Amino acid sequence: MCASLAEHVSQRSETAERILLAAADLFAERGYEAVSMNDIARQAGVSKANVFHHHTSKNDLYLAVVRRACTHSRERLTGLGSPQGALSERFHTFARGMLGDMLEQAQVTRIILRELLLDGEQRGPELAERVFGDNFAMLVAVLREGQKQGALRRDLDPAMAATLLIGANVFFFEARDVLRHFRDVSFADKPEAYSRMLADILLKGILAQPDNTQHE
């Protein structure tokens with residue numbers, strides 16, 4: 001009996017995974033509006049009723065696909081907020097991990113960006129409330145705590161810093177095929193180097209630092 005139950009749970013988990021993968025493939029290829037639940041069922045090799053058993057609607061399935069791609073974000077944010085190690089090094093690690101997740105989950109990243117470009121006014125509030133809002137608030141809270149501890153400028157807007165980090169990573173994701181053809185760009189195929197340079201600029205700014213050795 002236990003073995004049968006375990007097999008049933010395993011089969012259900014496998015079916016759920018196939019549905020998510022099929023939906024991700026189709027949403028990325030055709031866009032949300034052009035995909036039906038019948039299409040997803042056919043791609044996953046299951047019945048339409050089975051798809052609805054796991055997800056109440058196409059929109060619910062879309063959000064599940066997006067949330068699945070964000071599973072590492074909370075862990076990375078927890079690491080960023082950890083008291084262990086210097087904030088600068090934790091920030092470097094977080095920036096590198098965020099970009100790595102976007103590149104590794106390129107299919108879902110494209111789904112999100114595509115929907116925001118096509119229907120951002122309608123899709124934006126839902127993604128903010130049900131997918132990204134908590135993680136963004138957590139990132140802002142970590143940066144704000146860094147301000148309280150004196151590690152970051154007190155006049156810094158932490159939401160702006162978070163937006164710049166995310167925005168720079170999105171641009172790299174979208175434009176690296178163009179960037180690699182600019183003779184002055186050396187980092188288009190080196191996401192780790194890009195992340196470190198980005199974190200350095202966000203932490204230190206672009207103005208030259210005073211050379212205190214001249215006054216010694």
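**Cavity, pockets and cores of a predicted model**

The structure, a predicted model, holds one cavity of 30 Å³ or more.

Reader: Which residues line the largest cavity?
Author: The space in this cavity comes to about 30 Å³. By class, its lining has one nonpolar, two polar and two charged residues. The lining residues are Ala 69, His 72, Asp 101, Glu 104 and Gln 105.

Reader: How many helices and how many strands does the secondary structure of the chain come to?
Author: Read from the N terminus, the elements run α-α-α-α-α-α-α-α-α. The C-alpha atoms fill a box of roughly 75 × 45 × 30 Å along the principal axes. The count for the chain is nine helices and zero strands.

Reader: What volume of space lies in the largest pocket?
Author: The largest pocket is lined by 26 residues, and Cys 70, Ser 73, Met 102, Phe 132 and Ile 166 lie nearest its centre. By class, this lining has 17 nonpolar, seven polar and two charged residues. The space in the largest pocket is about 740 Å³.

Reader: Which element gives the most to the lining of the largest pocket?
Author: The elements that give two or more residues to this lining are α5 (73-80), α6 (87-104), α7 and α8 (158-179). With 13 residues, the element that gives the most is α7.

Reader: Which residues are closest to the centre of the second largest pocket?
Author: The second largest pocket has a volume of about 350 Å³. Its lining by class has 12 nonpolar, one polar and three charged residues. Of the 16 lining residues, the closest to the centre are Leu 152, Arg 153, Leu 156, Leu 202 and Leu 203.

Reader: Which element gives the most to the lining of the second largest pocket?
Author: At least two lining residues come from each of α6, α8 and α9 (191-204). The most, four residues, come from α9.

Reader: Which residues have the most contacts inside the largest nonpolar core?
Author: In soluble globular proteins, nonpolar side chains tend to be buried together. In this chain of 216 residues, 37% count as buried. The largest nonpolar core has 28 residues, and those with the most contacts inside it are Phe 27, Ile 40, Leu 61, Tyr 62 and Val 65.

Reader: Which residues is Val 65 in contact with, leaving aside its neighbours within four places in sequence?
Author: Val 65 is among the residues with the most contacts inside the largest nonpolar core. With those neighbours left aside, its contacts are Leu 20, Ala 23, Ala 24, Val 108 and Ile 111.

Reader: How many residues are in the second, separate core?
Author: This core includes Phe 91, Phe 94, Ala 175 and Leu 179. Its number of residues is 25.

Reader: How many residues of domain 1 are in contact with domain 2, and how many of domain 2 with domain 1?
Author: The domain assignment gives domain 1 (1-55) and domain 2 (69-206). Taken over C-alpha atoms, the two centres are separated by 31 Å. The contacts, with heavy atoms within 4.5 Å, involve eight residues of domain 1 and five residues of domain 2.

Note on methods. Residues numbered from 1 in each chain as written. Predicted model: local features only at pLDDT ≥ 70, side-chain atom pairs only at ≥ 80, totals over all residues. Heavy atoms only, no water. 1 Å grid on protein atoms, 1.4 Å probe; cavity = no way out; pocket = protein on both sides within 12 Å on 5 of 7 lines; lining within 4 Å. Points joined across faces, edges and corners; volume = space filled by probe spheres on them. Nonpolar A, V, L, I, M, F, W, Y, C, P; charged D, E, K, R; others polar. Core = buried A, V, L, I, M, F, W, Y, C linked by side-chain atoms within 4.5 Å. Buried < 20%, exposed > 50% of the residue type's maximum accessible area, 1.4 Å probe, protein only. Domains from an automatic or database assignment.
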